[in-house]
Amino acid sequence: MQHLLRKEKTCLNCGHAVEERFCPHCGQENVEPRERFSELAGHFIADLLHFDTQFFSTIRYLLFKPGYLTLEYIRGRRKAYLHPIRMYLFISVVYFFLASVIPMRYSHIIIEMNKNPQMANQVKTLLPYATIRQYDSIQESLPSKNRDPRMIQLITHRLLALQMQYGNHAAEVLRERILHHIPQVMFFLLPLFALLLELHFSRKKYYFSDHIIFSLHFHIFYFLLSLVALLLKSLLNADLFMLMSLLLWIYLVLALRSVYQNSWFKNILKSISIGFLYSIIIGLVMAGLFAWTLAIG
């Protein structure tokens, strides 16, 4: 749907002279700025249908042809697919929104608490101490060699402060605070995963940006898999961690094989190495996030 051209030949965006339909300086279309509702609706529907076409096409290849989208992007074939950054942002926003509103880890505990008031009293606290003073008193009564290390004492103090403030909601409050910061943490982890790829594959044949695209597609798959696991966990209370880990590793092996063209044996060895190192990195980053979340209160 095309809008009426403006009679004035000056670009509204940059002020440059416009001889035809588009500004030669900034590219903006020189049309009347005010649109009828029908025109707005037409643009919305057109953009939505275009997004849907790209989205479902991208999802299909992402799920069932590991590494294919990364190869297509590296080869410059990008028009038919949703850009990996746009796709990552959309899927991650959906995942973190659902993770914040769907009870997952504590849903079965809440059900049991409703059935058994005695159990409710047992799970009220994060730690088996009522106050910080009580914990410190117990620590002082112990021999020096049996006391908690200084770092553990500081973390315990913060947990007890949280417990004293929020009572039986302390665990959920802490979970929500950590979950709030995970999207930012994932942006930090994405290039670290790409760095692991660069360390395992030829630097002469691939650019770091190629590894970034692989990292984006792999993490998009992770979020899609996590969405399914989240829903099943909520509905069936099923522990899918081992199955999810296995599927992620199989996907990684297939994607590495497709993109980097190594032998199966080398791909399996490299996938194990990458997975092991990335697990350590995630553990360290999450431990840091936990400590930082407690520190900022």
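Is Pro24 buried or exposed? Pro24 counts as exposed, because its relative accessibility is 63%. Pro24 sits in the segment before helix H1, which covers residues 37-64. Leaving aside neighbours within four places in sequence, Pro24 is in contact with His16, Ala17 and Val18. Contact means heavy atoms within 4.5 Å. Cys11 is 13 residues from Pro24 in sequence, and their C-alpha atoms are 9.5 Å apart.

The model is predicted: local features need pLDDT of at least 70, side-chain atom pairs count only at pLDDT 80 or more, and totals for chains, interfaces and linings use all residues. Residues are numbered from 1 along each chain as its sequence is written, and side-chain values use heavy atoms, with hydrogens and water left out.

Now the overall fold. The chain holds 11 helices and 0 strands. Read from the N terminus, the order is α-α-α-α-α-α-α-α-α-α-α. These elements are DSSP runs numbered from the N terminus: helices are H or I with at least four residues, strands are E with at least two. The chain has 297 residues, and 35% of them count as buried. Of the contacts with a separation of 6 or more, 64% join residues 24 or more positions apart. The chain exposes about 18,800 Å², with 64% of that supplied by carbon and sulfur atoms. Such areas come from the Shrake-Rupley method with a 1.4 Å probe; for residues, only the protein chains shown count as cover.

Ile59 is placed in helix H1. It counts as buried because its relative accessibility is 14%. Beyond residues up to four places away in sequence, Ile59 touches Met87 and Leu224. Leu224 is 165 residues from Ile59 along the chain, yet their C-alpha atoms are separated by 9.4 Å.

Next, a charged pair. Side chains of opposite charge can pair when their charged atoms come close. A salt bridge here is a side-chain nitrogen of Lys or Arg within 4 Å of a carboxyl oxygen of Asp or Glu. The count by this rule is 1 salt bridge. Glu72 forms a salt bridge with Arg77, and the closest N and O atoms are 3.2 Å apart. Glu72 counts as buried, because its relative accessibility is 5%. Arg77 counts as partly exposed, because its value is 48%.

Move on to helix H7. H7 has 17 residues and reaches 25 Å from first C-alpha to last, close to the 24 Å expected at 1.5 Å a residue. The expected span is 1.5 Å times one less than the number of residues. The buried residues of H7 are Gln153, Thr156, His157, Leu159, Leu160, Leu162 and Gln163. They pack against helix H6 (132-141), H8 and H11. Just after H7, Gly167 takes a positive phi of about 60°.

Helix H8 spans residues 170-200. Ala171 lies in H8 and counts as partly exposed, because its relative accessibility is 25%. Ala171 and Leu159 are 12 residues apart in sequence and 9.2 Å apart in space, C-alpha to C-alpha. H8 has 31 residues and reaches 42 Å, close to the 45 Å expected. H8 bends by about 40° at Ile182, and Pro183 follows within four residues. The bend is the angle between axes fitted to the seven residues ending at a position and the seven starting there.

UniProt, in an unreviewed entry, places the feature "transmembrane region" at residues 87-106, 182-201, 213-232, 238-260 and 272-295. Its positions are given in the numbering used here, feature names are shortened, and annotations may be inferred rather than shown by experiment. In the model, residues 182-201 are 95% helix and 0% strand, with end C-alpha atoms 28 Å apart. Residues 213-232 are 100% helix and 0% strand, with end C-alpha atoms 29 Å apart.

Gln261 is found in the loop between H10 and H11. Gln261 has a positive phi of about 60° although it is not a glycine. Helix H11 (residues 264-296) has 33 residues and reaches 47 Å, close to the 48 Å expected. Its buried residues include Asn267, Ser271, Ile274 and Tyr278. The buried residues of H11 pack against H7, H8, helix H9 (208-236) and helix H10 (241-260).

Technical notes: Buried < 20%, exposed > 50% of the residue type's maximum accessible area, 1.4 Å probe, protein only.
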